[in-house]
Amino acid sequence: MKATEVRGLSQNELNDRLVGLKKDLFFLRMQHATNQLDNPLRIAQVRKDIARVKTVIRQKELEELGGKA
């Protein structure tokens, strides 16, 4: 997932994407703990995607606050 893709999403879509990514990360960690994970680098990718989504959510919050002030 690229940052440009994330910036194009609405606030609700971003929140839904964040919940989905957190679930994915949980299941990846469970697979890793039980030695069923095929690609351990996927955990790092999902963590970075979560960070991207959180960053864009925060940027949009700050834009709203900046517009109201």
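View 1. Leaving aside its neighbours within four places in sequence, lysine 54 is in contact with Leu18 and Lys22, where contact stands for heavy atoms within 4.5 Å. The model shown here is a predicted one, in which local features need pLDDT of at least 70 and side-chain atom pairs count only at pLDDT 80 or more, whereas totals for chains, interfaces and linings use all residues. Residues are numbered from 1 along each chain as its sequence is written, and side-chain values use heavy atoms, with hydrogens and water left out. Lysine 54 belongs to helix 3, and helices here are DSSP runs of H or I with at least four residues, numbered from the N terminus. Between the C-alpha atoms of lysine 54 and leucine 14 there are 8.3 Å in space, although the two are 40 residues apart in sequence. Lysine 54 counts as partly exposed because its relative accessibility is 43%; on this scale buried means under 20% relative accessible area, exposed means over 50%, and partly exposed lies in between, with a 1.4 Å probe and protein chains only.

**View 2. The largest nonpolar core.** This core has 14 residues, and those with the most contacts inside it are Leu14, Val46, Ile50 and Val53; a nonpolar core is a set of buried Ala, Val, Leu, Ile, Met, Phe, Trp, Tyr and Cys residues joined through side-chain atoms within 4.5 Å. In soluble globular proteins, nonpolar side chains tend to be buried together.

View 3. Valine 46, which is found in helix 3, counts as buried because its relative accessibility is 0%. Apart from its neighbours within four places in sequence, valine 46 is in contact with Leu21, Leu25 and Leu28. Valine 46 and valine 19, by C-alpha positions, are 12 Å apart in space and 27 residues apart in sequence.

**View 4. Helix 2 and its buried residues.** Helix 2 has 23 residues and reaches 33 Å from its first C-alpha to its last, close to the 33 Å expected at 1.5 Å a residue, the expected span being 1.5 Å times one less than the number of residues. The buried residues of this helix are Leu14, Leu18, Leu21, Leu25 and Leu28, and they pack against helix 1 (3-7) and helix 3.

View 5. Phe26, Phe27 and Met30 make a nonpolar surface patch of about 330 Å². Methionine 30 lies in helix 2 and is partly exposed, with a relative accessible area of 44%.

**View 6. Asparagine 35 in the loop.** Asparagine 35 is found in the loop between helix 2 and helix 3, and its phi is near 60 degrees, a positive value in a residue other than glycine. Asparagine 35 is exposed, with a relative accessible area of 71%.

**View 7. Helix 3 and what covers it.** Helix 3 has 28 residues and reaches 41 Å from its first C-alpha to its last, close to the 40 Å expected at 1.5 Å a residue. Within this helix, Ile43, Val46, Asp49, Ile50, Val53, Val56 and Ile57 are buried, and what covers them includes helix 1 and helix 2.

View 8. A search of the whole structure finds two salt bridges, a salt bridge being a side-chain nitrogen of Lys or Arg within 4 Å of a carboxyl oxygen of Asp or Glu. In one of them arginine 52 pairs with aspartate 49, the closest N and O atoms being 2.7 Å apart, and both residues lie in helix 3, three residues apart, about one turn of the helix. Arginine 52 is partly exposed, with a relative accessible area of 32%, whereas aspartate 49 counts as buried because its relative accessibility is 9%. Arginine 58 and glutamate 61 also meet through their side chains in a salt bridge, at 3.3 Å from N to O, and these two likewise lie in helix 3, three residues apart. Arginine 58 is partly exposed, with a relative accessible area of 44%, and glutamate 61 is partly exposed too, at 35%.

Definitions and conventions. Patch = residues over 30% accessible without salt bridge, like charges linked within 9 Å, V, L, I, M, F, W, Y side chains within 5 Å. Areas by Shrake-Rupley, 256 points an atom, 1.4 Å probe, with all protein chains shown as cover.
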